[in-house]
Every structure is written in C-alpha cells, then in structure tokens.
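Me: I would like to learn how to read the packing of helices and the contacts between charged side chains in a model like this one. Could you take me through it step by step?

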Amino acid sequence: MNRLVKKSVSNFFAFKIPTKSLCTGVVKVPGSNVAEILNENEKKENTTSNSIQQYDIAIVGGGLVGMALASFLASMPMTKQLSVAIIDSNPALSGSMSIKKEDPPDPRVSTVTPATISFMKDAGAWKYVEQNRHAYFDKMQVWDYTGLGYARYNARDVNKDFLGCVAENKVLHSALLSCIQDSDFKRTIYPLRLNSMTLNRSSMSVVEENMSSRESSSAQGQCARLQLSDGNSIYAKLVVGADGGKSRVRELAGFKTTGWNYSQNAIICTVEHPSENRCAWQRFLPTGPIALLPIGDKFSNIVWTMSPTESNQRKSIAEEEFLKDVNSALDYGYGPHPTSSLSGTQDLFSWFQMDTTVSANESFEVPPKITKLVSERMVFPLSLRHANSYASKRVVLIGDAAHTVHPLAGQGVNLGFGDAYSLSRVIAEGIALGTDIGEVNLLKKYEAERKPANISMMAILESFQKAYSVDFGPFNILRAAAFHGANYIPPLKRTIISYASGEQNFPVFL
Amino acid sequence: MALNVTIHRILRHRRFLNSANSTLHLTNTRCFSHAPSPSPSQSSKANDKDPHSGSSSLKDNELAKFAAISDTWWDSEGPFKPLHLMNPTRLAFIRSTLCRHFKRDPYSTRPFERLKIVDVGCGGGILSEPLARLGATVTGVDAVEKNIKIARLHADLDPTTSTIEYCCTTAEKLVEEGRTFDAVMALEVIEHVANPEEFCKSLAALTNPDGATVVSTINRSMRAYATAIVAAEYILHWLPKGTHQWSSFLTPEELAMILHRAGINVEEMAGFVYNPLTGRWLLSDDISVNFIAFATKSQNAI
C-alpha cells in the first residue's frame with residue numbers, strides 16, 4: 001500500500017491518480033498480434049546482432065497523457081507512419097486487463113472538459129469511453145462555509161449540453177489504448193523503466209572527431225539513446241517525457257523546476273447516494289475544498305483537501321464516522337447555507353435582465369446525502385510544480401512532467417491533454433516541412449503555444465487556493481462578492497464556463 | 001574593424017573583377033536594359049566563394065571568412081540562426097508550389113518521391129535535408145569545400161538524408177556535365193553572384209522542360225536596406241557585417257526579367273515577413289524585403 005501511495009504520489013493531479021505499479025517484470029500477452037511486446041530473449045538477440053532498435057519517438061510514460069499523445073499521432077495522416085516506443089512498466093498497457101462493469105467505481109477519476117472530449121473524439125477514442133461507466137454533468141454549484149454567497153453554473157448558460165464528463169482513469173486509459181490498437185500504428189510497448197539517457201548535443205567538431213572511432217552506429221549519431229532497466233537500449237529521434245510529476249526524463253534532461261508543496265493532502269474515495277446525481281458540487285471549507293463529482297449510476301467521487309494530520313486521521317476512522325464527517329462538510333458543517341437570493345441582491349443586477357443565464361434563476365440546493373462508502377480511502381499530498389522550460393534538443397515534456405497543479409478545478413489532466421494535442425500538431429507540421437522532429441526550434445513552437453496557457457491557468461488556481469485559505473471577515477465578504485458577481489453577471493459567468501471548459505485558452509473577459 | 005572594412009571593399013570589388021574595362025566600374029554594370037552587359041572573360045557563376053575569380057590572396061580571405069563560421073552551420077543558436085528560423089517558411093512555399101506543379105498529394109508525408117532536385121549554393125545542407133526527408137532525390141552543390149564536408153557529415157547522421165549527393169562545384173560546371181533536374185533551388189544565392197544573368201542562364205539549363213526553378217533573394221528596396229543590412233548586420237548582429245551588398249540585390253521585376261530572358265517564367269512570388277513578437281517568419285504577399293519566386297520552364301524549351 002505504501003509503495004502504491006509513494007508511486008501514485010508522483011502522478012496525482014486533478015481528481016485522477018493513475019495506476020503505476022512498480023512492475024519491472026516482463027509481461028507476455030498471448031495471441032496479441034497488435035501490440036508487439038519484446039521479451040528479454042528477443043532483446044538480447046537484438047543487441048548481439050548489433051542492431052539497436054531505432055524509433056522516431058520514444059514516449060516515456062504510458063499514462064493518460066502519454067497514451068493520448070500516441071493516439072493523437074496515430075489518428076493524423078501526417079504522423080501515423082511514425083514508429084513509436086512507449087516505455088512504461090504498467091501491466092495495464094499490455095491490454096490484458098479488462099474492465100469489469102460490475103466493479104464499483106475506482107476512486108481514481110478525472111473530470112474531462114469539453115475541449116478534451118473533442119480531442120478524444122477527433123482521435124476516435126471517445127467512443128470507447130462511452131462503452132464504459134462515465135458521467136456527463138450539466139450543473140455545477142460552488143459555495144463556501146461562510147454562507148455569504150454561492151454560484152451555480154449550468155451548461156445551458158453557454159448553450160451546451162454538458163459542462164464536462166467524469167470518468168475513471170482506467171476507463172480513459174483503456175479507451176486510448178483501444179484507439180491505438182485499432183489503427184495500424186507502429187508502436188512497441190516496453191514494459192520497463194528508463195534508467196538513463198544520452199542526448200547527442202555535441203557540436204559538429206566533436207562529431208568529426210568521433211567519426212574515426214565510430215563503430216556501427218553511424219546512423220544513430222543524431223538520436224537520443226535511452227538505456228532501459230533491463231540493460232538494453234533504444235534510439236529515438238525525439239524523447240517525450242510524459243512520466244508524471246516526478247519525471248525521470250525531466251531529471252535526466254536537466255530541466256529546472258519551480259514550485260512548492262502545499263501543506264495539504266487530498267482524500268479520495270467513491271461513495272453512494274440514494275438518488276442520481278448530475279451536478280458537480282464543490283464547497284470551500286477553511287482547511288480546503290470538498291468536491292462531490294458524479295461518476296455514474298448512484299455513485300459519486302469525493303475529493304477532500306485538508307491538512308496532513310486531518311487526512312491521516314480521517315483515513316483511519318470508521319466508515320460511519322467518515323460518512324458523517326463528509327455529510328456535515330457538504331451540509332451544515334463549518335457554517336450556514338447561503339440564502340438563495342432570488343429577490344434582494346438580484347435587483348442590483350436587474351439591468352442584465354435581458355441577458356440572464358439559466359443558472360442565475362436556480363436557487364441554492366443542498367447536495368445529496370451520502371449513504372455508503374464503496375471504495376477505500378486514498379490520501380495524496382498536493383504540490384505545485386512547473387518546469388522552467390518544456391523543450392530542449394531531442395527532449396520535450398508534456399502533462400504532469402511539465403506542470404502539476406492543485407485539483408480544485410479539475411484542470412490538471414486537461415492541461416496535459418492540451419499539451420499532447422498541441423505537440424501532436426506541431427510534430428505533424430514539422431513532418432510536413434521535412435524537419436527533423438527533435439530539432440529544438442520546432443519543439444519551442446509547442447512550448448510557445450502551451451506555456452502561457454498553462455501558466456495562466458496555474459496562476460488562477462494558485463490565487464484561488466490562496467484566497468480560500470484565509471478566514472478574515474472583510475476578505476470573506478470580498479469572496480462572497482466574487483461569488484455573486486460570477487453568479488449574476490452573465491458575460492462573466494460565460495467567460496468562466498468557457499475558460500474552464502477549455503474552449504478558451506486565456507481568461508480574457510470580453 | 002579593419003578586416004571588416006577590407007572585406008567590404010573586396011566584396012564590392014569582386015563584382016567588377018571580371019569587367020575588362022575599369023571605367024565600366026563607374027557605370028552600373030548590373031544593367032538589365034537592352035544595352036549589352038559587359039562580357040566578362042569567364043562566365044562562371046562567380047560566387048563570393050568561387051575559387052576561380054580573383055587572386056589567391058582574395059580567395060584566401062573569402063574562403064577564410066566563410067570557412068570560419070562553416071562549423072556553425074548546424075548550430076541552430078549560432079550565426080546561422082536566422083536562416084534556421086526562416087527555413088520552415090521557405091519549405092512551406094516550396095512544398096505548396098511544387099506539389100501543385102507536379103500534381104502531388106499535398107497530404108502525403110513524402111510528396112517529392114522520385115523528383116530530382118538540385119540545391120545550388122547548399123551551404124551546410126539546411127534546405128537539402130528537409131527536401132530529402134520529403135522524398136526527393138537531392139543533389140547539393142556549393143563552391144566552398146568546407147561547406148560540402150560539413151553537409152556530408154551531417155547528412156550521414158540520419159539514414160533518410162544520407163542519400164543526398166553533395167558536390168563541391170558550381171552551377172556552370174553542372175551544366176557542362178549535362179546534368180538536368182526536375183527542380184532547381186537557388187535560395188539566398190543570387191545576391192552573392194557576380195553575374196546574375198549568366199547565373200540564371202545556368203539555372204535554366206539545369207532545369208528539365210516543364211520543370212521548376214525556385215529563386216529567393218532580397219529586394220533592392222529602401223526597406224530592405226534598413227532591415228536586411230542596417231538592422232540585421234549592424235544592429236541585431238544576425239549576420240556578419242558585409243554579408244550582403246545592397247547594390248547586388250535584385251528587385252522582383254528584375255529577377256523576373258532575367259529569368260524570362262533565360263527561358264523561365266515566374267508564376268508565383270511570395271515574401272517572408274519576420275514577426276519580432278513571436279520570433280517567427282511568415283509567408284506573406286509583402287515582397288519588399290525577402291522574397292521567393294517560383295518559376296517554370298516551358299515544356300517546349302530546350
């Protein structure tokens with residue numbers, strides 16, 4: 001359990017924690033003619049015959065973002081002929097694990113925004129998600145413990161059918177895997193870990209010196225060489241680091257990061273309630289927000305951020321106690337309900353009468369009562385981390401390896417999907433113009449596109465996190481005013497919704 | 001500083017070295033009117049780096065200047081950075097015009113399969129390598145031996161580009177050998193040539209009937225003086241001082257005219273515009289500074 005927690009810690013973002021078990025063994029899949037998995041013997045033969053495998057792209061990390069990149073590359077005509085190696089020791093990648101529909105929902109879930117859904121639809125992976133348990137939600141309610149204000153969001157405010165979809169990470173992951181297996185994309189999965197990496201950064205003069213002492217690997221002079229945990233190596237023109245918050249690629253390539261640890265942990269678990277839930281609830285408490293997300297049927301997922309001591313305590317108490325705590329946190333605990341001001345404050349904004357949003361007319365609702373805990377409680381520490389640059393010669397970072405955020409807005413993995421989408425488009429553009437895909441000027445285009453968007457999202461989440469950690473009278477009133485503004489000023493509300501849905505890259509209020 | 005001044009003077013004089021009459025030096029020898037151009041004793045494509053034109057001391061200076069930075073051809077942060085940044089934009093134009101002309105699938109990853117292309121003045125192979133990756137059979141020529149060596153070494157690092165043929169020669173010599181190609185590229189070369197008209201005749205001779213010729217250069221406009229010479233060489237230090245001579249720039253009309261005289265018709269022209277905010281080059285209709293011309297040789301021409 002500790003091992004699982006430790007490994008999962010590095011991959012925690014949004015409401016999702018992907019499985020990354022420490023399996024260094026080789027997984028054989030009988031009868032799988034689609035995913036080619038090399039076993040140790042084959043690899044030994046390869047090295048003795050002195051031909052080290054060469055790939056166009058090596059994706060280190062086969063989690064949600066790594067597999068998303070692979071499936072985006074597989075779905076575009078310019079890039080589907082690339083040979084890709086995916087390095088991840090997770091046995092789920094072998095395709096031998098299937099999802100049983102009768103299982104209760106896994107507590108590791110992610111909220112995917114409409115932008116991410118459209119990327120996955122383009123790649124042809126979304127249909128697999130819909131075959132398994134998933135939950136679209138069209139309403140959201142955000143309030144805090146002071147009871148001074150609340151905000152309700154409805155998909156109809158922006159003329160859409162849903163605000164997002166919540167799905168278990170294993171569902172998303174297997175959908176991406178199936179999408180790749182569908183196409184005849186040349187990918188090889190290496191169920192190993194990356195030990196070290198040599199990047200050929202030498203100038204031409206050094207290359208000239210080496211020419212005389214070259215062995216057979218003349219054609220690999222321009223590639224990065226990756227040494228895997230079983231001792232073998234592969235060459236790749238481009239190495240993509242999609243290996244999570246504690247990225248080994250980032251470490252080996254020498255990228256510096258900025259960031260800090262929040263003195264908060266998050267508890268996640270799956271719960272059950274008597275009626276169906278189609279709304280996402282989030283209440284900001286003095287110690288951190290608690291969120292209730294629908295996951296399908298009568299199940300929902302809880303993500304509760306609190307101090308480390310509290311989290312350890314809540315993890316170990318009995319189920320009934322825990323459920324009481326949860327219900328109180330969602331209901332009357334810590335403070336009163338906000339009054340639904342259908343008269344009163346709304347007069348202030350009556351000049352927006354012509355342009356009101358559907359949700360402005362909805363009154364405050366109390367979240368559903370939780371009746372049962374159906375999964376174990378998992379605890380993860382939270383931190384903020386950002387790589388100072390995303391790309392250098394032959395190496396690029398995407399997903400959590402580049403940025404880790406607070407889960408309070410469910411944006412983490414969506415930023416990662418945005419990275420994967422942008423990188424796949426940049427690679428396609430490079431191939432169209434005959435560029436060497438490891439060339440740093442090309443990779444910098446990806447960085448120039450994603451860095452500002454990621455940084456602005458991180459700044460906003462960080463400011464929310466700081467704003468809600470202060471319990472001070474006048475400040476609480478300010479926050480309440482912000483709630484009212486967001487709830488009753490339609491253009492602002494629409495901007496918030498489309499920014500959070502990923503339709504807009506920057507929160508420009510226009 | 002002295003060296004710069006010397007090089008500047010040498011570059012200026014190089015062009016007139018071939019003219020028999022020194023008084024012609026004072027008149028505009030690059031006259032594209034009906035008056036006959038001064039017939040030089042040799043009609044070679046006299047590149048700055050051409051070892052044949054000039055005394056041995058001159059040759060040493062020239063070659064030394066280019067040889068000094070030729071190691072940095074493939075350093076994308078080095079002195080050739082502007083060229084590296086401009087390269088994708090040039091390739092975008094080349095890809096779209098050649099695909100249209102040779103009726104190739106624009107969505108293919110190797111649209112230039114089976115096309116023979118020559119890159120005249122290839123330098124370190126910055127243009128040749130992407131062309132090879134797009135499927136073409138590429139021959140790169142340059143008059144500076146060191147450039148060819150660097151190009152060969154770099155191309156051999158990748159199996160797709162190791163098929164490029166590099167020769168240390170001139171366009172004229174290739175014509176003498178009787179070689180022809182489906183597409184002839186002369187990007188950023190013609191402004192360094194002593195006799196552009198002869199050079200264009202050589203380019204035409206290298207092109208197959210119904211083949212394509214692509215020439216890019218800098219416009220002889222006030223704006224180009226301000227940007228390509230003053231800003232690029234003296235203020236931003238993107239290029240070594242003395243790389244370009246404003247008087248040797250060609251206007252698009254002049255280029256079209258001398259190509260036409262050589263039997264090649266310009267069909268399309270585009271400009272490159274630099275956006276200082278994003279640091280990227282874009283294709284545009286603005287041909288006032290850098291421009292590129294796509295021309296074809298008619299089917300009936302010899």
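**Salt bridges, helix packing and the chain contact**

Reply: The side chains of A:Arg152 and A:Glu365 meet in a salt bridge, with 3.5 Å from N to O. Please keep in mind throughout that this is a predicted model.

Me: Which parts of chain A does the pair of A:Arg152 and A:Glu365 tie together?

Reply: A:Arg152 belongs to strand 6 (residues 150-154) of chain A, while A:Glu365 sits in the loop between helix 10 (319-330) and strand 16 (372-373) of chain A, so the pair links parts that are 213 residues apart in sequence. Over all chains, the count comes to 30 salt bridges.

Me: How many salt bridges are counted between chain A and chain B?

Reply: Between chain A and chain B the count is zero.

Me: Turning to helices, what describes two packed helices?

Reply: Two packed helices are described by the angle between their axes together with the distance between those axes. In this structure, helix 3 (residues 64-75) of chain A packs with helix 11 of chain A at an angle of about 30°, their axes being 9 Å apart. Helix 3 and helix 11 of chain A are therefore roughly parallel to each other, and their crossing is right-handed. Helix 3 of chain A contributes residues including A:Leu64, A:Val65 and A:Phe72, and helix 11 of chain A contributes residues including A:Val413, A:Phe417 and A:Ile427. By class, the residues of this contact between helix 3 and helix 11 of chain A divide into twelve nonpolar, two polar and one charged.

Me: At what angle do helix 11 and helix 12 of chain A pack?

Reply: Helix 11 of chain A and helix 12 (residues 440-467) of chain A pack at about 160°, with their axes 9 Å apart. Angles over 145 degrees count as roughly antiparallel, and helix 11 and helix 12 of chain A are therefore described in that way. Their crossing is right-handed. Among the residues that meet are A:Asp419, A:Ser422 and A:Glu429 in helix 11 of chain A, and A:Lys445, A:Tyr446 and A:Arg450 in helix 12 of chain A. The residues of this contact of helix 11 with helix 12 of chain A divide into seven nonpolar, four polar and five charged.

Me: And where do the axes of helix 4 and helix 11 of chain A stand, in distance and in angle?

Reply: The axes of helix 4 (residues 114-123) and helix 11 (residues 412-432) of chain A come within 9 Å and cross at roughly 40°. That makes helix 4 of chain A oblique to helix 11 of chain A, and the crossing is left-handed. Here A:Thr116, A:Phe119 and A:Asp122 of helix 4 of chain A meet A:Asn414, A:Phe417, A:Gly418 and A:Tyr421 of helix 11 of chain A. By class, this contact of helix 4 with helix 11 of chain A has three nonpolar, three polar and one charged residues.

Note on methods
Residues are numbered from 1 along each chain as its sequence is written. Chains are lettered from A and ligands numbered from 1 in the order in which they are written. This is a predicted model: local features need pLDDT of at least 70, side-chain atom pairs count only at pLDDT 80 or more; totals for chains, interfaces and linings use all residues. Side-chain values use heavy atoms; hydrogens and water are left out. Axes are lines fitted to C-alpha atoms, for helices over the stretch in contact, and angles run from 0 to 180 degrees between N-to-C directions. Helices (H or I, at least four residues) and strands (E, at least two) are DSSP runs, numbered from the N terminus. Angles under 35 degrees count as roughly parallel, over 145 as roughly antiparallel, 65 to 115 as roughly perpendicular and the rest as oblique. A crossing is left-handed if the near helix is turned anticlockwise from the far one by less than a right angle, and right-handed if clockwise. Contact means heavy atoms within 4.5 Å. Ala, Val, Leu, Ile, Met, Phe, Trp, Tyr, Cys and Pro count as nonpolar, Asp, Glu, Lys and Arg as charged, and the others, Gly among them, as polar. A salt bridge is a side-chain nitrogen of Lys or Arg within 4 Å of a carboxyl oxygen of Asp or Glu.
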